Structures are given as C-alpha cells and as structure tokens.
Amino acid sequence: MTTRTDLPPAETGGEPRSWLREHSELGVCALLLALGVLVLTDALTMDVDIAQRGPVGPKTVPIVVGAGLLVIAALLALDVLRGGRGQAEGGEDIDLSEPADWRTVLLLAGVFLGSAVLIEPLGFPVAGALLFWGAAFALGSRRPDRDPLIAAGLSLVTYTVFNNLLGVPLPGGPLMGVL
C-alpha cells in the first residue's frame, strides 16, 4: 500500500480531481448508500394486507437487506478514507490509462431502455429477443445469421421458464395465444 508521501510530486498536489481519482471507490459507497436508503424507505412504507403469523413478515428481509447495505457503505467509506484500495485480480488485463468505451455503454443502455419500453406492447418474447440481440451487437458480435436465432431461442426459453415453470407472469404481447 502506498502513502501520499510515496507518490510522485504531480500526484500529491491538492487538486480535487486527483483526490477523487485516488478515492474513486467512494462512488460505490454512494451507490450502496442510495440503494440502502431506497430499500429501507420502500420496506418501511410497505402496506402489509396479509395477516402476519410469527415474528417474520414481508418487511423483515427488506429491512435487513437495507440496513446491511447502509452498514457496508459506511464500512467501505471508512476503509477508503483510511487509505484502503481494492486489489486488481491477477487475470485482469484492463489498461486504466485508456479511456472508457462510451459507445458500448451507451448502446447497452439504449438497448436496455428500448426493451423496457417495448415489453408491454410487444411482450417479453419479442422485447427479450431484441434485448439479447442488441446486447450481443453492442458487445461486438457481428453474426447476423446466428445472433437473432440465439436471441429468439433464449428469450422464448426464459419466457417459458418464468411464466410456466416458476409461475411468474410475464407479458406475452401478441404471442400470448401462441405460447
């Protein structure tokens, strides 16, 4: 672990950007904190209409998970501020000096949002196939002969497993009568 005195002079300056770069894990802490607050708020405002038997009800698990997220966020922030840093895995081949691939990120976000919008009118089988196909394209697959077939098959299997085997109803869209 390096201390601030071990860093080159360019990195020891009081620039806010360099401090944020050195403590970038605080972004994960903020995300965990926001998620914990969201889960706790949702759990505590949950309207429970079913009769609860025993000490464990439908609010118990979300409250435990939300509290756990808050504790983990606080402990991680404390560790980061004390100088702790995550260790790269031995097999990582990421060059942190290279810029982020925003094209891929934006393509994936667009595909995800598009499938969220299309799931009601088209149903899960069609929207899911578009999601899987779009994600494969965004991540670099360029096989127009194979990718749509795999995406359609994967979407139909997912729909069947959730809808028929697990009993989780998914919107079928125009294919509702067929499937």
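**Conventions.** I number residues from 1 along each chain as its sequence is written, and I use heavy atoms for side-chain values, leaving out hydrogens and water. In this predicted model I require pLDDT of at least 70 for local features and 80 or more for side-chain atom pairs, while totals for chains, interfaces and linings use all residues.

**Entry 1: fold.** I looked up the secondary structure and found six helices and zero strands, where helices (H or I, at least four residues) and strands (E, at least two) are DSSP runs numbered from the N terminus. The order from the N terminus is α-α-α-α-α-α. Of the 179 residues in the protein, 19% are buried; buried means under 20% relative accessible area, exposed over 50%, and partly exposed in between (1.4 Å probe, protein chains only).

**Entry 2: helix packing.** I took axes as lines fitted to C-alpha atoms over the stretch in contact, with angles from 0 to 180 degrees between N-to-C directions. Helix H2 (residues 26-44) packs on helix H3 (residues 60-81) at about 160°, and their axes are 8 Å apart. H2 and H3 are therefore roughly antiparallel; angles under 35 degrees count as roughly parallel, over 145 as roughly antiparallel, 65 to 115 as roughly perpendicular, and the rest as oblique. The crossing of H2 and H3 is left-handed, that is, the near helix is turned anticlockwise from the far one by less than a right angle, clockwise being right-handed.

I then examined helix H5 (residues 124-138) against H6, which pack at about 135° with axes 8 Å apart. H5 is therefore oblique to H6. H5 passes H6 in a right-handed crossing.

**Entry 3: salt bridges.** My search of the whole structure returned two salt bridges, each requiring a side-chain nitrogen of Lys or Arg within 4 Å of a carboxyl oxygen of Asp or Glu. Arg143 pairs with Asp145, with the closest N and O atoms 3.3 Å apart. Arg143 is partly exposed at 37% relative accessibility. Arg146 pairs with Asp147 at 3.7 Å between the closest N and O atoms. Asp147 is buried at 8%, whereas Arg146 is partly exposed at 37%.

**Entry 4: nonpolar patch.** I noted a surface patch of Val157, Val161, Phe162, Leu165, Leu166 and Val168, with about 540 Å² of accessible area together. Patch residues have over 30% relative accessible area and no salt bridge, with nonpolar side chains (Val, Leu, Ile, Met, Phe, Trp, Tyr) joined within 5 Å and like charges within 9 Å. Areas come from the Shrake-Rupley method with a 1.4 Å probe, only the protein chains shown counting as cover for residues. Leu165 lies in helix H6 (residues 147-165) and is exposed at 67% relative accessible area.
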